[in-house]
Amino acid sequence: MIDTHSHIDMLKNPDAEIEAFLDAGVKKVIIPGVEPDTFDTITEYIDKYDCLYGALGVHPSEAQKFNDEAAKKMMLLSHHPKILAIGEIGLDYYWDKTFVDIQKKVFKTQIEIAKSLSLPIIVHDREAHLDTFNILSEMECKNVVMHCFSGSLEFAKQCVDMGWYLGIGGVLTFKNARKMKDIVREIPLENLLLETDAPYLTPHPFRGEENSPKYLNLIAKEIANLKDLSFEFVQKQTTKNAELLFNFNKGEQ
């Protein structure tokens, strides 16, 4: 299995959790960037561990930290053979709407960087579905994962029609997550990716504890249950999906 979104650098004991998720059958994990100060830490982790890969991006809540220096650093470090995407980038209207214009500008700039590097993008979209979709579609983005998907079934279908992937995490296992369960039932498995978003959004029955990629199998099992498929098939197909979107052999080319 592949965890396509996990903040390993934010865990209390990353080294122990890496050993734990390998024992749990998770073979690869992508660490997303959040702000410029995290870029060096991510590259240190992916250099140290064969199972770790990275993405570089400035989260919309941190958009005011994005500047020319951050852009140059992102472009330089993205040539690293284990940096597989630009992200997480996008729009977030949940916490603060006072700098929406800055968020949009930074989002578009980072999309341009991804395009110039021929890298996929990992999109953070919270309560900004229409603006996020419009920017992605207007800029003709193709290799996209909608991280921690939180939209409606109709919006999910629109994203899939564009050829994008939906990142499915621990929320799916929550008893009251009826909308997300309906989405997983309806959307083809070929458009789903597994993610934990650790240390956040820990799956049931460990909700309230620190999340970890070692819990990825709980998400895969819930998908299998909802779609009446075998756990092994979900493992295999979601791994294939991740390998289609992210070039894990980038350094060998």
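Mentor: Let us start with the cysteines: the structure holds zero disulfides, a disulfide being a pair of cysteine sulfur atoms within 2.5 Å. This is a predicted model, in which local features need pLDDT of at least 70 and side-chain atom pairs count only at pLDDT 80 or more, while totals for chains, interfaces and linings use all residues. Residues are numbered from 1 along each chain as its sequence is written, and side-chain values use heavy atoms, with hydrogens and water left out.

Trainee: Is Cys51 buried or exposed?

Mentor: Relative accessible area decides the class: buried means under 20%, exposed over 50%, and partly exposed in between, with a 1.4 Å probe and protein chains only. Cys51 has a relative accessible area of 8% and is therefore buried. Cys148, at 24% relative accessibility, counts as partly exposed.

Trainee: Where does Cys148 lie, and what is its phi?

Mentor: Cys148 is placed in the loop between strand E6 (144-147) and helix H6 (153-161). Such elements are DSSP runs numbered from the N terminus, with helices (H or I) of at least four residues and strands (E) of at least two. The phi of Cys148 is near 50°, a positive value in a residue other than glycine. Ser118 also is not a glycine and has a positive phi, of about 55°. Ser118 lies in the loop between H4 and strand E5 (121-126), and its relative accessibility of 66% makes it count as exposed.

Trainee: How is the packing of two helices described?

Mentor: Two packed helices are described by the angle between their axes and the distance between the axes. Axes are lines fitted to C-alpha atoms, for helices over the stretch in contact, and angles run from 0 to 180 degrees between N-to-C directions. For helix H2 (residues 39-48) and helix H3 (residues 68-77), the angle is about 10° and the axes are 11 Å apart. That angle makes H2 roughly parallel to H3. Angles under 35 degrees count as roughly parallel, over 145 as roughly antiparallel, 65 to 115 as roughly perpendicular and the rest as oblique.

Trainee: Which residues make the contact of H2 with H3?

Mentor: Contact means heavy atoms within 4.5 Å. H2 contributes Phe39, Asp40 and Thr43, and H3 contributes Ala70, Lys73, Met74 and Leu77. By class, this contact of H2 with H3 has four nonpolar, one polar and two charged residues. Ala, Val, Leu, Ile, Met, Phe, Trp, Tyr, Cys and Pro count as nonpolar, Asp, Glu, Lys and Arg as charged, and the others, Gly among them, as polar.

Trainee: What is the angle between H7 and H8?

Mentor: Helix H7 (residues 178-186) and H8 pack at about 70°, with axes 9 Å apart, and the two are therefore roughly perpendicular to each other. The contact joins Lys181, Val184 and Arg185 of H7 to Glu222, Ile223, Leu226 and Lys227 of H8. Its residues divide into three nonpolar, no polar and four charged.

Trainee: Where are the cis peptide bonds from Ala198 to Pro199 and from His204 to Pro205?

Mentor: Pro199 is placed in the loop between strand E8 (192-194) and helix H8 (216-227), and Pro205 is likewise found in the loop between E8 and H8. The bond from Ala198 to Pro199 is cis with omega near 10°; for the cis bond from His204 to Pro205, omega is also near 10°.

Trainee: Which residues is Leu22 in contact with, leaving aside its neighbours within four places in sequence?

Mentor: With those neighbours left aside, Leu22 is in contact with Lys27 and Cys51. Leu22 is found in helix H1 (residues 14-23) and is partly exposed, with a relative accessible area of 37%. The C-alpha atoms of Leu22 and Lys214 are separated by 7.5 Å, although these residues are 192 residues apart along the chain.
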